[in-house]
Amino acid sequence: MAAEKLREHSWFCETGLRDVIIQVDDAVFHLHKFPLTSKSRKLHELIEEQQKRIGSAEDSDDRRPGFEIRKEDGGEEKCCIKLSDFPGGSESFELVSMFCYGLKIELSSSNIAGIRCAAEYLEMTEDFSDDNLISTTERFISQCALKNIKNSMRMLTSCQNLLPTAENFGIAQRCIEAIATKVAVVDPSGLPENDAIGKSGNVSWIDEIGRLSLPFFKRLIFAFEALNLGSEVIEICLVQYAKKIVWSGRKPTPPTTATPPLENQQREILETIISSIPKEKNLRSAGNFTKFMFGLLRTACILNDSESSRLTLEKKIGSQLEQATLDDLMIPSYSYLNETLYDVDCVERILTYFLQEIEGDSRSAPLKTVGKLIDGYLSEIASDSNLKPEKFYNIAAALPYNARDFDDGLYCAVDVYFKAHPWIPEGEREKICGVLAYQKLTLEACAHAAQNDRLPLRAVVQVLYYEQLQLRHAIGATPSRENIENSRELSLAGKHSSAWGADNQVLRVNMDTMRTRVQELERQCTSMRKAMKRMDPPTRQRAGKQSSWTARFGCKLNPQFCDPHHSTVVDVRKSRIPRRDR
């Protein structure tokens, strides 16, 4: 058996007389022509043609490119063939030459594409020699490489360095079709049961996604869509590719002189991912994918992506805004044109898209979830000193009335905003307070608002009014003392008598507390009415003129009294006339 070794980029076969030299890239192979010509039609033709030129008187300038005659140390002339653009480079040719010598070569999903392309390049067909390399590689591809999703992914990844040969021979397309078909077979609906795609033996191919170039990644996603696979598989691929390429800063293709800058590559990849996002909503992983889309949106702002891509992403986020968290909404302002710390305009657009999505369904659960989310967002951005009142008002007033069961969260945001912006005029304060539905404030929020000096006076009056209504309603709904005593007597005969007594005691305490609170509110209302009367100067002036006029002319208005026993008014002057006669 022949023994081979590598000496400074030169590959030697040490048995017999070496009579041919083949150069592939920087590697030089010293081989025998008979094993090569017996398997490869192309090498057979090249070597025969070169042998005819050895010793001829033909000028060397007329020789074909890639042919050369070298003289060894003993003066013997040998033909040298340069194989430019050889598929797979020197590594593939080394394996091909070993096959020609009858040595066993190790085939794998990583090198099979290169060997298959090399065999096609060298025309190692069955017509030229039995059991040749093309048929050998085809058997391995059909029986091993394309039978497994992971191996198919590795084979597809290796095709990136074999272009355009791998495309011309259809190897890359076969890999893409095999991957899509196998994924559909693993889970025909595209929705893996119990995360089967991430755990089964066939599905660690997800880790290979980040090794694909952008054109191959696009074609793989299109193949998934053509087979109508579910959105979860596509979402997994998009997330993995973004993590490996966009957010890691790694280039998806080997760097060359024609490679565009990394930022331009990332922008192109980002636009591809955004355009590939499935339209249908995946309920099983909606929360995680929503967080992923917010990450894409931040990246799009940093890379200054096209406005159309950002709007497309914002619309997709708006369609499932109920799955977002408060941290997702805190998008920093990356543009110097924005004065605020966070990108409020972006969140306002997303909220608008959400309301358009649920239009006509004002009582849906997602609407109430988004209502709580927006209240929390307003509380976070309210402390920003550069947040203008109209921006705050627009977001607060965007949600419909049914979006909130209670307005305590919105009141908290308004209070924080007034505290951080004490210079806002009274008119702006009243406009912002107009977003509050005071009848939706709880008693605790009403108690705080009634003593809040930052609220305008009109808002405080309305808070006191609705608080008094709530207390009176609560007292009116409370059982009377007589009913409570009757319930206690009836419960003594039962087995829950002690529990009823404790409940009644709690009711009495609550009633006493409510009465005290109502009296306190009535006193506050009375004092506020007196203060409002003192603030009305025309009324005081008219009263002063009237009193001075009556004192000057000695006129005095006679009072009329209402007799509780008669339906008419009794005039006091009629009772005085008979006394004068007498």
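Asn-228 is exposed, with a relative accessible area of 66%. The cut-off for that class is over 50%. This is a predicted model. Asn-228 sits in the loop between helix H10 (214-226) and H11. Its phi is positive, about 60°, although Asn-228 is not a glycine. Most residues other than glycine have a negative phi.

## The chain overall

The chain has 582 residues, and 42% of them count as buried. It holds 26 helices and eight strands. Its accessible surface comes to about 32600 Å². Carbon and sulfur atoms account for 51% of that surface.

Contacts reach across the sequence. Take the contacts between residues at least 6 apart: 66% of these join residues at least 24 apart.

## H11 against H12

Beyond the loop that holds Asn-228 comes H11. Helix H11 (residues 231-246) packs with helix H12 (residues 262-275) at an angle of about 170°. Their axes are 11 Å apart. The angle makes H11 roughly antiparallel to H12, because the threshold for that label is over 145 degrees.

On the H11 side, the contact uses Leu-238, Tyr-241, Ala-242, Ile-245 and Val-246. On the H12 side, Gln-266, Ile-269 and Ile-273 meet them. Seven of the contact residues are nonpolar, one is polar and none is charged.

## H16 against H17

Helix H16 (residues 344-357) and helix H17 (residues 365-381) cross at roughly 170°. Their axes come within 12 Å. H16 is therefore roughly antiparallel to H17.

H16 contributes Val-344, Val-347, Leu-351, Phe-354 and Leu-355 to the contact. H17 contributes Pro-366, Leu-367, Val-370, Ile-374, Tyr-377 and Ile-381. The tally for this contact is eleven nonpolar, no polar and no charged residues.

## An enclosed strand and its hairpin

Strand S3 (residues 20-24) has five of its five residues buried, so the strand is largely enclosed by the rest of the structure. Both faces of S3 are covered. Val-20, Ile-22 and Val-24 lie on one side. Ile-21 and Gln-23 lie on the other.

S3 pairs with strand S4 (residues 27-31) in the antiparallel sense, over five bridges. Val-24 stands opposite Ala-27 in S4. The two strands form a hairpin with two residues between them. Asp-25, in the turn, has a positive phi of about 60°.

## Asp-408 and its contacts

Asp-408 lies in helix H19 (residues 408-420). Its relative accessibility is 25%, so Asp-408 counts as partly exposed. Leaving aside residues up to four places away in sequence, Asp-408 touches Lys-440, Leu-441, Thr-442 and Ala-445. Cys-446 is 38 residues from Asp-408 along the chain. The C-alpha atoms of Asp-408 and Cys-446 are separated by 9.0 Å.

## Backbone features in two other loops

Asp-131 has a positive phi, near 50°, and is not a glycine. Asp-131 lies in the loop between helix H4 (112-121) and helix H5 (133-143). With 46% relative accessibility, Asp-131 counts as partly exposed.

Most peptide bonds are trans. A cis peptide bond joins Leu-163 and Pro-164, with omega about 0°. Pro-164 lies in the loop between helix H6 (149-158) and helix H7 (165-168).

Terms used
Residues numbered from 1 in each chain as written. Predicted model: local features only at pLDDT ≥ 70, side-chain atom pairs only at ≥ 80, totals over all residues. Heavy atoms only, no water. Helix = DSSP H or I, 4+ residues; strand = E, 2+ residues; numbered from the N terminus. Buried < 20%, exposed > 50% of the residue type's maximum accessible area, 1.4 Å probe, protein only. Contact = heavy atoms within 4.5 Å. Areas by Shrake-Rupley, 256 points an atom, 1.4 Å probe, with all protein chains shown as cover. Axes fitted to C-alpha atoms, helices over the stretch in contact; angles between N-to-C directions. Parallel < 35°, antiparallel > 145°, perpendicular 65-115°, else oblique. Nonpolar A, V, L, I, M, F, W, Y, C, P; charged D, E, K, R; others polar. Pairing = 2+ DSSP bridges.
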